[in-house]
Each structure stands twice: as C-alpha cells, then as structure tokens.
Amino acid sequence: MRILVTGGAGFIGSHLVDRLMENEKNEVIVADNYFTGSKDNLKKWIGHPRFELIRHDVTEPLLVEVDQIYHLACPASPIFYKYNPVKTIKTNVIGTLNMLGLAKRVGARILLTSTSEVYGDPLVHPQDESYWGNVNPIGVRSCYDEGKRVAETLMFDYHRQHGIEIRIARIFNTYGPRMNIDDGRVVSNFIAQAIRNEPLTVQAPGTQTRSFCYVSDMVDGLIRLMEGENTGPINIGNPGEFTMMELAETVKELINPEVEIIGVENTPDDPRQRKPDITKAKELLGWEPKIKLRDGLPLMEEDFRRRLEVPREN
Ligand SMILES: NC(=O)c1ccc[n+]([C@@H]2O[C@H](COP(=O)([O-])OP(=O)(O)OC[C@H]3O[C@@H](n4cnc5c(N)ncnc54)[C@H](O)[C@@H]3O)[C@@H](O)[C@H]2O)c1
Ligand SMILES: O=C(O)[C@H]1O[C@H](OP(=O)(O)OP(=O)(O)OC[C@H]2O[C@@H](n3ccc(=O)[nH]c3=O)[C@H](O)[C@@H]2O)[C@H](O)[C@@H](O)[C@@H]1O
C-alpha cells in the first residue's frame with residue numbers, strides 16, 4: 001500500500017506516520033509545507049527506504065501515485081489558523097480540491113480530518129453527527145470552521161459525482177507529545193506554563209468545556225475509519241468532558257502544585273461546550289478511546305520537559 005499523508009510533519013500527522021510505517025507493507029509519502037509542522041517530528045524516518053518527505057503546499061496540485069490519502073494539512077491551533085485566515089481558507093478549500101483531484105486521477109481512497117468546530121458553538125450537547133452546527137460565517141474562526149465545512153461538502157460532492165471513496169473524521173480536541181510548545185492550544189499552554197513555573201492562563205469564563213483525546217487513541221480511530229466501510233462523518237474524540245478551570249487544576253495537581261492559576265480575556269466566538277457523542281464510532285468502527293486525561297497528561301509532560309530541558313525535581 002502506498003499512502004500519502006498531507007500535514008504529516010505536524011502533531012497528529014507524525015504520530016499517524018509512525019503507526020503506518022510500523023507495517024512493513026506500507027510505503028509512506030508525506031507532503032507538508034512546514035507552516036506548523038517540523039522535519040524533527042519525522043527524523044526517525046528520514047532516509048528510510050519506505051519513506052519519502054516532500055516540501056509541498058497543498059494549495060498547489062501534487063502528482064504522485066498512491067492508494068490512500070490521509071489529508072491532514074491545515075494549521076489546527078487557533079492562533080496559527082487566525083494568523084493568515086485567507087491562507088487557511090485556501091488550504092481547506094483549494095487544498096482539499098487538489099487532494100480530491102489526485103484521488104480521482106489515481107483512484108485512491110481519501111480521508112479528511114475535519115473537526116468538531118463544524119458544530120460551532122453547539123446548541124446540542126453532546127454533539128452527534130446528525131447535528132448541523134451553529135457556526136458564525138463571518139467571525140474570526142470562520143476561516144477554519146467554515147473552511148472545514150466546505151472541505152466536507154467537496155468530499156461528498158466528489159463522492160456523489162465521481163464515485164471517489166471518501167472517509168471523514170470529525171476530530172475533537174487531541175493532545176499528546178510533539179505538540180508545538182508555543183502552539184497556543186490549551187493543553188500545551190498549561191503544561192508548558194506549569195513546567196516553566198508561569199501562571200496557568202484560564203481564559204474567561206473558565207466554565208467552557210472541552211473533551212480531550214490522547215493522540216494514540218486518535219491515530220487508532222483514523223486508521224480504523226480509513227480501513228472500514230463507512231464514509232462518515234464520524235466523531236473521533238474522548239467523551240470525558242472538563243471545564244478549562246478543571247483542566248488547569250488537574251495540570252497543577254499533577255505537574256506543579258505550586259503554580260498559580262489566573263483568569264485572562266477570551267477570544268471571540270469561543271465555543272462554550274464541546275463533547276462528542278461517539279456511538280457511531282463504537283458501533284461502526286469498534287473504536288473507543290482508552291487513555292484517560294490523567295494518564296495522558298504525564299506522558300505529555302515527559303516530552304515537554306525533555307524539549308524544554310527542565311527535568312523533574314526529586
Ligand atoms: N489536534 C486537534 O485537536 C485537532 C482537532 C480537530 C481537527 N484537527 C485536524 O487534524 C489535522 C492535524 O492537526 P494537528 O493538530 O496535527 O495540527 P498541526 O498544525 O500540528 O499539523 C498540521 C500540519 O499541516 C501542515 N500544513 C498546514 N498548511 C499546509 C499547506 N497549505 N500545505 C501543506 N501542509 C500544510 C503544517 O505544516 C503541519 O505539519 C488538521 O487538519 C486539523 O484541522 C486537529
Ligand atoms: O477539536 C477541535 O475541533 C478543535 O479544537 C481546537 O480548538 P479549541 O477547542 O478552541 O482549542 P484551544 O485553543 O485549545 O482552546 C480550548 C479552550 O481552552 C481555552 N484556553 C486556551 C488557551 C489558554 O491558555 N487558556 C485557555 O483557557 C480557550 O478559551 C478554549 O475555551 C483545535 O485547536 C482545533 O484545531 C480543533 O479543530
């Protein structure tokens with residue numbers, strides 16, 4: 001099987017590549033423009049005969065011969081996707097169009113990593129896949145959430161019009177080793193702050209919730225979806241729901257009991273609650289997450305301490 005992973009130098013992508021490379025029958029090609037990803041995440045595979053890394057921006061067409069495409073390329077942290085919103089839309093729309101064109105030409109199956117942000121600030125809780133969402137079309141997050149909604153539409157139109165084999169995963173907040181240290185997402189922020197002994201910045205009101213999935217569970221879900229018979233969309237996430245204040249308290253307890261927790265301003269359109277209904281993933285993929293937040297955070301702490309060069313005292 002020859003497999004293309006776009007965005008494979010990023011956080012989830014590089015863990016997916018590790019898992020795909022474990023199968024000796026797979027050849028893996030990564031296409032990435034290194035906007036938020038890094039070659040460092042893939043260093044153990046560079047030079048491997050079954051691995052190829054291409055500097056490529058998905059807003060340009062790509063000519064390769066592959067059997068499967070995992071299409072992840074897109075900045076995922078709000079600070080990065082809001083940095084150049086027009087580019088974020090181009091990546092989601094033109095990038096997905098290009099990858100669908102490739103899938104059509106070579107007859108490959110394509111999986112899109114969509115997002116729980118397609119549900120916007122949800123009025124249904126927990127969110128199941130039949131919910132159409134509550135998204136602001138003109139807000140500062142729209143480049144990402146509307147971009148992903150168009151990407152999903154393109155996937156289904158190519159499927160209906162050209163018979164392309166598609167898979168859509170709606171990923172909910174995922175965390176783990178290799179997240180950018182200054183990525184701006186909440187788990188990486190809190191862990192880096194706790195290690196550096198800086199206050200944990202809880203954005204107002206602190207009662208907003210998220211449900212956090214450890215990256216190895218996520219990769220397992222994505223591969224099951226690709227290999228299974230269902231197009232999706234299917235929610236892949238961990239239903240364990242926490243307020244941001246609870247998350248800060250857990251990080252404080254586990255990593256640095258001395259650290260201060262402070263309230264700071266929030267950004268516009270921040271969803272107030274988010275929790276996946278994973279009935280479909282359980283029934284159709286036989287998948288459910290295994291790693292609880294309390295078990296996943298220390299694994300991430302270890303990786304952050306090594307990269308920040310701050311060993312644990314005692
Ligand atoms: N991590 C999460 O919680 C989460 C949640 C929902 C959806 N997702 C989706 O999963 C995917 C991966 O997320 P991640 O957390 O690994 O993010 P990430 O930012 O670490 O990885 C994204 C990768 O895509 C690359 N990229 C960005 N724009 C590109 C372009 N135009 N051409 C080529 N490469 C480009 C980046 O350099 C990076 O390597 C994204 O599509 C994201 O929308 C992630
Ligand atoms: O899972 C998803 O579907 C989406 O989740 C995240 O978006 P978001 O949930 O806004 O992620 P964070 O930036 O980590 O914020 C989570 C919550 O933490 C809060 N936060 C963030 C950072 C911080 O320092 N403190 C803090 O309290 C935010 O206000 C927000 O309520 C991802 O970054 C998106 O790529 C992804 O598509």
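Three salt bridges run between domain 1 and domain 2. A salt bridge here is a side-chain nitrogen of Lys or Arg within 4 Å of a carboxyl oxygen of Asp or Glu. One salt bridge in this chain joins Asp270 and Arg141. Their closest N and O atoms are 3.7 Å apart. Side chains of opposite charge can pair when their charged atoms come close.

Some ground rules. This is a predicted model, where local features need pLDDT of at least 70, side-chain atom pairs count only at pLDDT 80 or more, and totals for chains, interfaces and linings use all residues. Residues are numbered from 1 along each chain as its sequence is written, chains are lettered from A and ligands numbered from 1 in the order in which they are written, and side-chain values use heavy atoms, with hydrogens and water left out.

Now the two domains. Where do they run? Domain 1 covers 2–174 + 214–236. Domain 2 covers 180–210 + 240–274 + 291–308. These bounds come from an automatic or database domain assignment. The C-alpha centres of the two domains lie 25 Å apart. Domain 1 puts 24 residues into the contact, and domain 2 puts in 19. Contact means heavy atoms within 4.5 Å.

How much area do domain 1 and domain 2 bury between them? About 1800 Å², with 47% of it on carbon and sulfur atoms. That is accessible area (1.4 Å probe) that two parts lose on being put together, summed over both.

Next, polar contacts. Nine residue pairs make them across this interface, both residues at pLDDT 80 or more. A polar contact is a pair of N or O atoms within 3.5 Å; within protein, one must be able to donate a hydrogen and the other to accept it, and residues adjacent in sequence count only if both atoms are side-chain atoms.

Which helices supply the domain 1 side? Helix H2 (78–83) and helix H6 (215–227) each give at least two residues. H2 gives the most, with four residues. Helices (H or I, at least four residues) and strands (E, at least two) are DSSP runs, numbered from the N terminus.

Over to the chain as a whole. The salt-bridge count comes to 23. Take Arg105 and Glu65: their side chains meet at 3.5 Å, N to O. This pair links distant parts of the chain, 40 residues apart. Arg105 sits in helix H3 (residues 85–106). Glu65 is in the loop between strand E3 (51–55) and strand E4 (68–71).

Now the backbone. Two peptide bonds to look at are cis. The bond from Ala204 to Pro205 has omega near 0 degrees. Pro205 lies in the loop between strand E8 (200–203) and strand E9 (209–211). The cis bond from Gly232 to Pro233 has omega near 5 degrees. Pro233 is in the loop between H6 and strand E11 (234–236).

Arg178 has phi near 80 degrees. Its loop runs between strand E7 (174–175) and helix H5 (186–196). Asn197 has phi of about 60 degrees, and is found in the loop between H5 and E8.

Last, the record. An unreviewed UniProt entry places "domain: NAD(P)-binding" at residues 4–298. UniProt positions follow the numbering used here, feature names are shortened, and annotations may be inferred rather than shown by experiment. Over residues 4–298, the chain is 37% helix and 18% strand.
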